[in-house]
Amino acid sequence: MTAGTERPMRWQRIPKDVQGFPVRPNLQDYETACRQFSWDDARRALSGLRGGGLNIAHEAVDRHAAGPRAHHEALRFVRADGSAHSLTYLELAGQTNRFAAVLRQLGIGRGERIFSLTGRSPELYVAVLGALKNGSVFCPLFSAFGPEPVRQRLHLGHGRALVTTRALYRKKVAQIRDSLPDLKHVFLIDADGAPEPGTLDLAGLLAAAPADSIMAPTSGEDMALLHFTSGTTGTPKGAIHVHEAVTAHYATGRFALDLHPCDTYWCTADPGWVTGTSYGVIAPLVHGVTTVVDEEEMDADRWYRILAEQRVTVWYTAPTALRMLMKAGAERAAGHDLSALRFVASVGEPLNPEVVVWGQEAFGLPVHDNWWQTETGGIMIANFAATEIRPGSMGRPLPGVEAALVARDGDGKPVVRDGDPVLVTEPDTMGELALRAGWPSMFRGYLNEEERYRRCFAGGWYLTGDVAKRDADGYYWFVGRGDDVIKSSGHLIGPFEVESSLMEHPAVAQAGVIGVPDPVAGEVVKAFVELRTGWEPSEELRLDIIGFARKRLGAAVAPRMVDFTAALPKTRSGKILRRLLKARELGLPEGDTSTVETTTEAP
Ligand code: AMP
């Protein structure tokens, strides 16, 4: 789809609050909002700690618990049977104090890393915010990871404590525990008093801990969150975020998600990824709204029921989920009263225009696409409630965010002259998406990888690794990733991590991994493997390799398809050319192959 040629869309329904009063979008006029906005003003809307300093948990919980919203529902958990149980802001303050007290009793201090490996349970929310109150750093893991990605991230992040469930512990952690000397404590959410060797019963510890207020005197620049993300090469990167990020969570929750205090908000993101933390926990609580949390996995009828029964007003979801609903048919929505819903947004992967239009049919509302990534810590580009939507476009930069496109050379690398990136000024021209450094939720480093961090910047711009176009009106259109990273169901997968695991299979000499298009998941992982001498391709071996990878990496990361190849295309220096594998797989032009060592063997 070409940039700037689509039919604009506007509100079809006047948004109303629960009492039926019209809700005025927070951002009325884009240009005025951009002109008037300053990050200092946004910061002033937060209260900060007494005596200076900033702590995300104070802004998200204690500030409300000490004010008129103390008894307002903060989190509403929907159980498997559809029944719900809630925590008010005051109750959440007590529980998070207890969690912080448990950490202190165990001698876990400021800056130490608390990991989670669990679904959306109340304990997860308590652990995130309690760890921040203690001044510790929180790092969520995706529960569909296999033991190897879990081990690697706990190891790289020096995880001191882990919050998980008995089943996940037995399946993914017990076997790797000995290789993680830093991991001193494992809290089980569902210990139910029955001992599991080497673990602690979180419920028992919380019940016995004091609920007295605990708030570490953190500064805005203290590390708060660690999010692992994948790159083309090397180990996963630990993106460091600081407490100051809460200023961006607040401002973007206001403008991009249009949060109002009367809202009942639902973010469907998995808590193992950055959206699940920034917008599943922090942003809505900072706004003092009620957040709905579904404890179960995605199911079309269940989701429509939740939207209707919980009277959700603002819904933040993902293209893969919307495509799954679309596949199930808009008529599934028909029997449900979705009249409370006033704003739908989506993030994480390209949102095809058909879904935006389908949203209009199913919900009576268009879907507002927005863009950001782990490193940006918060939404950077969005379609806003009161502005025109161009289906297929990610929207325009948030107030306070300056975006640009950087010219790319023949190898797809950003062009930098005298230290400054060369910016693309012509409309509808491709370039690497860049952001002027300095917004509050910008990552402050990759853990222990200073050089890798430094390479992300040029002349005061952060280079995102995404390729995009901008139309004459300033709307950004996603074109693709500038690297080989795979996006499957909204989750980033580093090909190197998958290739490394495949190469541990006794039959595999080398592996090259790419993403291939999938109508629902966006992309799925496909591997090409070269076998060691003495091994022959067979269906049995293919299934064995897939099973091997699934066991180590987990179903969300392992390749769905494996093809055998006699020789993988490589550069003369021996690097596997995933770009070429992909071009051949998709029947696309192979581009410049002058540096290729092995080109004769198409996979
Ligand atoms: P992550 O760091 O896992 O959140 O993934 C971030 C990446 O997801 C971005 O760099 C993009 O490649 C992709 N992404 C996020 N939002 C969008 C969007 N609205 N449209 C297209 N791609 C997106």
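## Terms and model

Helices (H or I, at least four residues) and strands (E, at least two) are DSSP runs, numbered from the N terminus. This is a predicted model, in which local features need pLDDT of at least 70, side-chain atom pairs count only at pLDDT 80 or more, and totals for chains, interfaces and linings use all residues. Residues are numbered from 1 along each chain as its sequence is written, and side-chain values use heavy atoms, with hydrogens and water left out.

## The open sheet

An open sheet is formed by 9 strands. Their order is β2-β1-β11-β10-β12-β13-β14-β15-β16, and the pairing is mixed. Two strands count as paired if DSSP finds at least two bridges between them. The edge strands, β2 (84-88) and β16 (396-397), each pair on one side only.

Inside this order, β13 (residues 343-347) pairs with β14 (residues 367-371). The sense is parallel, over 4 bridges. Ala-345 stands opposite His-368 of β14.

Helix α4 (residues 89-105) lies across β1 (73-78) and β2. The helix runs at about 80° to β2. Such angles run from 0 to 180 degrees between N-to-C directions; the axes are lines fitted to C-alpha atoms, for helices over the stretch in contact. Contact means heavy atoms within 4.5 Å.

## Around the ligand

Which strand gives the most to the shell around the ligand? It is β14, with 3 residues. The ligand is surrounded by 17 residues. A residue is near a molecule if one of its heavy atoms lies within 4 Å of it. The closest are Asn-370, Gln-373, Thr-374, Asp-466 and Lys-487. By class, the shell has 8 nonpolar, 4 polar and 5 charged residues. Here Asp, Glu, Lys and Arg count as charged, Ala, Val, Leu, Ile, Met, Phe, Trp, Tyr, Cys and Pro as nonpolar, and the others, Gly among them, as polar.

Polar contacts are pairs of N or O atoms within 3.5 Å. A side-chain N or O atom of Asp-369 is 2.9 Å from a nitrogen atom of the ligand. For Gln-373, a side-chain N or O atom is 2.8 Å from an oxygen atom of the ligand. The protein buries 96% of the 500 Å² that the ligand exposes when taken alone. These areas come from the Shrake-Rupley method with a 1.4 Å probe.

## The hairpin

Strand β23 (residues 461-470) and β24 run antiparallel, joined by 5 bridges. Ala-468 has Phe-478 in β24 as its bridge partner. The two strands form a hairpin with 5 residues between them. In the turn, Gly-474 has a positive phi of about 90°.

Conventions: Polar contact = N/O pair within 3.5 Å; in protein donor to acceptor, adjacent residues only side chain to side chain.
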